[in-house]
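Please keep the sequence and the structure in view while reading.

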Amino acid sequence: MNYKIKKIINKKNKSKIVCLTAYSKNIAEIIDNHTDIVLVGDSLGSVLYNFNTTRKVNLNMMIEHTRSVKAGIKKSLLVIDLPYNTYRNKIEALKNSKRAIKETKCDAVKIEGGSEVSDIVNYLVKNKVNVLGHIGVTPQTVKGKFRSKGKTEKEKIKLIRDAQALEKSGAFGIVLECVYSDISKKITKLIKIPTIGIGASINCDGQVLVTDDILGLTNAKIKFVKKYINIRKIINSAVFKFKKEVKSRKYPTKKYSY
Ligand code: KIV
């Protein structure tokens, strides 16, 4: 097992795991100083490409963005999302994972689903691919509106079974997306691998958010998203100053000329 993976697992019950998304080098370089895991999420479909579903993201796009992110990463574990229709069976999953790892030098892949993908996870792990699971709201398969999971008894039982199946299959961690607080707590206590929550409460072993959301680059109005800065405002002010200086011939002075 990769030493970076071991380090992540060892954080359970000791120190919270910090995970953020990145889609390109410059952001990756900044966040890498603070993160344990950098995820190139297929959320890039909506965040960067204005897609209405992550299903439109393909493996080539994920690989290109991950190569860029890799150039900015020194210490964090780098995880790539396998996009929709790239892991419909274990042969396809292994072929695409191996390609993604070879072409990006990332450390692990993330796939969505619970018990229904546990054979695939197991096959990947047996073939030396590190896998991060993802249950709760799984955007690649959501039909209609996103709805938090774990309210009904049936959903609770399914989430617990899914988490246990992924652990048994060899996943090194599980993302819990939009899972009710009590059930995140139960799962986190029950399994030995870390849970990383997104809208799944403080009870998880770590937290992940979309970097563009916390920076205020997107206009996300989602309950669990905390905006730590309004970077749009800062960019707007810098660009306004540039425009003003160009129009007034203040830029470029001699200092900025050859
Ligand atoms: O696609 C993504 O960015 C994700 C995380 C937000 C968990 O899956």
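This is a predicted model: local features need pLDDT of at least 70, side-chain atom pairs count only at pLDDT 80 or more; totals for chains, interfaces and linings use all residues.

With which residue does Lys 4 form a salt bridge? The partner is Asp 107, and the closest N and O atoms of the two residues are 3.7 Å apart, which falls inside the 4 Å limit applied to such pairs. Because Lys 4 lies in helix 1 (residues 3-10) while Asp 107 belongs to the loop between helix 5 (90-104) and strand 4 (108-110), the pair ties together parts that are 103 residues apart in sequence. By the rule used here, the model has a count of eleven salt bridges.

We now turn to the ligand. The space that the ligand takes is the largest pocket, and the residues that surround the ligand are Thr 21, Leu 39, Gly 41, Asp 42, Ser 43, Asp 81, Lys 110, His 134, Val 175, Ile 198 and Val 210. Sorted by class, this shell comprises four nonpolar, four polar and three charged residues.

Several side chains of the shell can be followed to oxygen atoms of the ligand. In the case of Ser 43, a side-chain N or O atom is 2.5 Å from an oxygen atom of the ligand, whereas for Asp 42 the corresponding distance from a side-chain N or O atom to a ligand oxygen is 3.1 Å. Lys 110 likewise places a polar side-chain atom 2.9 Å from an oxygen atom of the ligand. As for the surface of the ligand, it exposes 260 Å² when taken alone, and the protein buries 95% of that area.

Conventions. Residues are numbered from 1 along each chain as its sequence is written. Side-chain values use heavy atoms; hydrogens and water are left out. A residue is near a molecule or strand if one of its heavy atoms lies within 4 Å of it. A polar contact is a pair of N or O atoms within 3.5 Å; within protein, one must be able to donate a hydrogen and the other to accept it, and residues adjacent in sequence count only if both atoms are side-chain atoms. Accessible areas come from the Shrake-Rupley method with a 1.4 Å probe; for residues, only the protein chains shown count as cover. On a 1 Å grid over the protein atoms alone, a cavity is a set of points where a 1.4 Å probe fits but cannot get out, and a pocket is an open set with protein on both sides within 12 Å along at least five of seven lines; lining residues have an atom within 4 Å of a point. A molecule sits in a cavity or pocket if more than half of its atoms lie within 2 Å of its grid points. Ala, Val, Leu, Ile, Met, Phe, Trp, Tyr, Cys and Pro count as nonpolar, Asp, Glu, Lys and Arg as charged, and the others, Gly among them, as polar. A salt bridge is a side-chain nitrogen of Lys or Arg within 4 Å of a carboxyl oxygen of Asp or Glu. Helices (H or I, at least four residues) and strands (E, at least two) are DSSP runs, numbered from the N terminus.
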